[in-house]
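Take a look at the model below. The paragraphs after it lead you through the structure step by step.

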Amino acid sequence: MRNESVGSAVQVRGLVKRYGNKTAVDGLDLDVRSGTVTAVLGPNGAGKTTTIETCEGYRRPDAGTVRVLGLDPVADAAALRPRIGVMLQSGGVYSGARADEMLRHMAKLHAHPLDVDALIERLGLGSCGRTTYRRLSGGQQQRLALAMAVVGRPELVFLDEPTAGLDPQARRATWDLVRELRADGVTTVLTTHFMQEAEELADDVAIVDAGRVAAQGSPEELCRGGAENTLRFTGRPGLDLGSLLKALPDGTAAAEPLPGTYRITGTVDPQLLATVTTWCAQHGVMPDGISVERHTLEDVFLELTGKELRS
Ligand code: ADP
């Protein structure tokens, strides 16, 4: 196992990147803990790819600092490249080469590569080894790009939208691979549009909007923080909600939208649930059908980044 420590694998501070007079990244801070999976989420044009490409050393920051495995991705590129795996959105490979040749070539560039045949097998690329890259389907190209990113057994992998356009089976295979990398101590940074992907895979999620990180934390932290949750139950109509509210923390609201149907909104945690059921017991009320609606990552995402479409 590598990277057991909770050190920082990637540290970005005040990153600014402009294309002409367009500011793509605008003072972005990001921390990726060693050995974890961090998902970078954000609407189109938020600056995710630019940030990742800067971490990979493909773009030079206009301001701010980027440290990857403690190194400067541009100045220390020669030392860093063998230690990281990169899956670009475009694939970034020579389109006339055969899939298996490319993978074997990539494996030879590293001291302790993964078993190429096993990797081909598990990513379902067995039937396309002799096919040239340009003749592979979009999903096959993507799986090959993933294989190329991980074959060198990197300490850190950057995956830019690794499952965009994949069918559910290939998406599962990709998720399994990321989980295995994590179990092996590898750090993964991935961008994704899929909330479920972030919820399933990520230890930490960074929500990027307009070139900055709007929120960062574990999926649970993000869903708990900010957004309110709702507790619902039914009971006898006309309960004294003023009395109930006195027992609940400030900032909690209670309503009876339909007779005998109750809705409590606020920070619904185990303590609040206990307080409500205790109050009911003290008032001879049997609360039926208690349910807690937790906010999903998608709710939090839309709350932070707005609901309008981005181009
Ligand atoms: P995301 O990955 O979140 O969709 P990008 O980093 O690709 O965001 O892009 C951020 C912004 O920078 C967008 O407005 C995009 O149009 C612009 N941009 C990205 N790459 C270039 C480029 N090479 N030249 C000019 N503008 C670019």
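A salt bridge is a side-chain nitrogen of Lys or Arg within 4 Å of a carboxyl oxygen of Asp or Glu. A search of the whole structure finds 14 of them. Why do such pairs form? Side chains of opposite charge can pair when their charged atoms come close.

Some ground rules come next. This is a predicted model, where local features need pLDDT of at least 70, side-chain atom pairs count only at pLDDT 80 or more, and totals for chains, interfaces and linings use all residues. Residues are numbered from 1 along each chain as its sequence is written, and side-chain values use heavy atoms, with hydrogens and water left out.

Now step back to the whole chain. Its C-alpha trace spans about 75 × 45 × 40 Å along the principal axes. The secondary structure comes to eleven helices and 13 strands. Both are DSSP runs, numbered from the N terminus: helices are H or I with at least four residues, strands are E with at least two. The chain is divided into domain 1 (8-223) and domain 2 (228-294). Those bounds come from an automatic or database domain assignment. The C-alpha centres of the two domains lie 45 Å apart.

How much of the chain is buried? Of the 311 residues, 47% count as buried. Buried means under 20% relative accessible area, exposed means over 50%, and partly exposed lies in between (1.4 Å probe, protein chains only).

Arg67 pairs with Asp72, and their closest N and O atoms are 3.9 Å apart. Arg67 counts as partly exposed because its relative accessibility is 34%. Asp72 is partly exposed too, at 24%.

Asp100 and Arg98 meet in another salt bridge, at 3.3 Å from N to O. Asp100 counts as buried, since its relative accessibility is 12%. This pair belongs to a network of salt bridges that links Arg98, Asp100 and Glu101.

Arg179 and Glu200 form a salt bridge at 2.9 Å, N to O. This pair links distant parts of the chain: Arg179 sits in helix 6 (residues 168-183) and Glu200 in helix 7 (residues 195-201), 21 residues apart. Arg179 is partly exposed at 35% relative accessibility. Glu200 is partly exposed at 37%.

Now find the ligand. Which residues surround the ligand? The shell consists of Tyr19, Lys22, Ala24, Pro43, Asn44, Gly45, Ala46, Gly47, Lys48, Thr49 and Thr50. A residue counts as near if one of its heavy atoms lies within 4 Å. Strand 2 (22-33) and helix 1 (48-55) each supply at least two shell residues. Helix 1 gives the largest share, three residues.

The shell divides into four nonpolar, five polar and two charged residues. Here Ala, Val, Leu, Ile, Met, Phe, Trp, Tyr, Cys and Pro count as nonpolar, Asp, Glu, Lys and Arg as charged, and the others, Gly among them, as polar.

Look at the oxygen atoms of the ligand. A backbone N or O atom of Ala46 lies 3.1 Å from one of these oxygens. A polar side-chain atom of Lys48 lies 2.8 Å from an oxygen of the ligand. For Thr49, a side-chain N or O atom is 2.8 Å from a ligand oxygen. How much of the ligand does the protein cover? The protein covers 62% of the 560 Å² of accessible area that the ligand has on its own. Such areas come from the Shrake-Rupley method with a 1.4 Å probe; for residues, only the protein chains shown count as cover.

Notes. Polar contact = N/O pair within 3.5 Å; in protein donor to acceptor, adjacent residues only side chain to side chain.
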